Amino acid sequence: MPADPSRITAGAASAETPRLRADARHNRNRILDAAREAFAARGLEVPMAAIARRAGVGVATLYRRFPTREALITEVFTDQLTGCVSVIDDALADPDPWQGFCLAVEKLCSLQVADRGFTAAFLTKFPDAVDFEQKRVRAERGFADLVRRAQQSGRLRADFDRSDLILLLMANHGITAESTVDKLAASRRLVAYLLQAFRADHAGPACVLPPPASLDLDRVSRSSRIPNLKEPGGP
């Protein structure tokens, strides 16, 4: 007796469904990986088409998974934001308010160096991404508590303002080097200098600075893509 064609069709469709779902997950992960790399290297303004090319998918596929840039950004940086909240929670749990403040600043700056896009995502409001926005607000309020505790302890200068963290992040963002190792080394040294400036008790012992980064003008020029003015055609 011949097989029922409807059963054959239904069976084939059910067998295809897991494969299609696996393909969809694979494409989604490729898009997220490509976006994470692109945002880290070039910031949040990378064209969506460039992310699709890097992921090896069509632009339509990208927009089918992530209809807006905001949806893609918040999905990419959810883990980093969760890590940021954890850093601040750990700092608030430190019994020494000044040490907790320093710990948070150091780790946030390290996160920033590792991923250029994270700071921009953290400082941008995404009202439609409720979970992301709640975590961002929690981190912001947590840092305000760190500042208050450190000032009440007398270790953080009274005129330090929360907006000074943005100044610090802007300065840290400007660090350029050929390797991530050199960027992290330069960041640690910059942060150490700034934390000394933030201290209210300058009479206390100075902290030991981290080792200098391997930076020189030639390396900075190459990493910043500054044209070599000695080459033919330069002014």
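The request and the reply below concern one residue and its surroundings.

Colleague: Where is glutamine 112 placed, is the residue buried or exposed, and what does glutamine 112 touch?

Modeller: Please bear in mind that this is a predicted model. Glutamine 112 lies in helix α5, which covers residues 97–114. Its relative accessible area is 2%, and because buried means under 20%, glutamine 112 counts as buried. Leaving aside residues up to four places away in sequence, glutamine 112 is in contact with Thr119, Leu169, Asn172 and His173.

A nonpolar surface patch of about 380 Å² is formed by Leu123, Ile166, Leu167 and Met170. Isoleucine 166 belongs to helix α8. Its relative accessibility is 35%, so isoleucine 166 is classed as partly exposed, the class between under 20% and over 50%. Glutamine 112, by contrast, is buried, whereas isoleucine 166 is partly exposed.

Finally, a remark on the cysteines. Cysteine 84 has a relative accessible area of 1% and is therefore buried. Cysteine 109 is likewise buried, at 1% relative accessibility. A disulfide is a covalent bond between the sulfur atoms of two cysteines. The structure contains 0 disulfides.

Definitions and conventions. Residues numbered from 1 in each chain as written. Predicted model: local features only at pLDDT ≥ 70, side-chain atom pairs only at ≥ 80, totals over all residues. Heavy atoms only, no water. Disulfide = S-S within 2.5 Å. Buried < 20%, exposed > 50% of the residue type's maximum accessible area, 1.4 Å probe, protein only. Patch = residues over 30% accessible without salt bridge, like charges linked within 9 Å, V, L, I, M, F, W, Y side chains within 5 Å. Areas by Shrake-Rupley, 256 points an atom, 1.4 Å probe, with all protein chains shown as cover. Salt bridge = Lys/Arg side-chain N within 4 Å of Asp/Glu carboxyl O. Helix = DSSP H or I, 4+ residues; strand = E, 2+ residues; numbered from the N terminus. Contact = heavy atoms within 4.5 Å.
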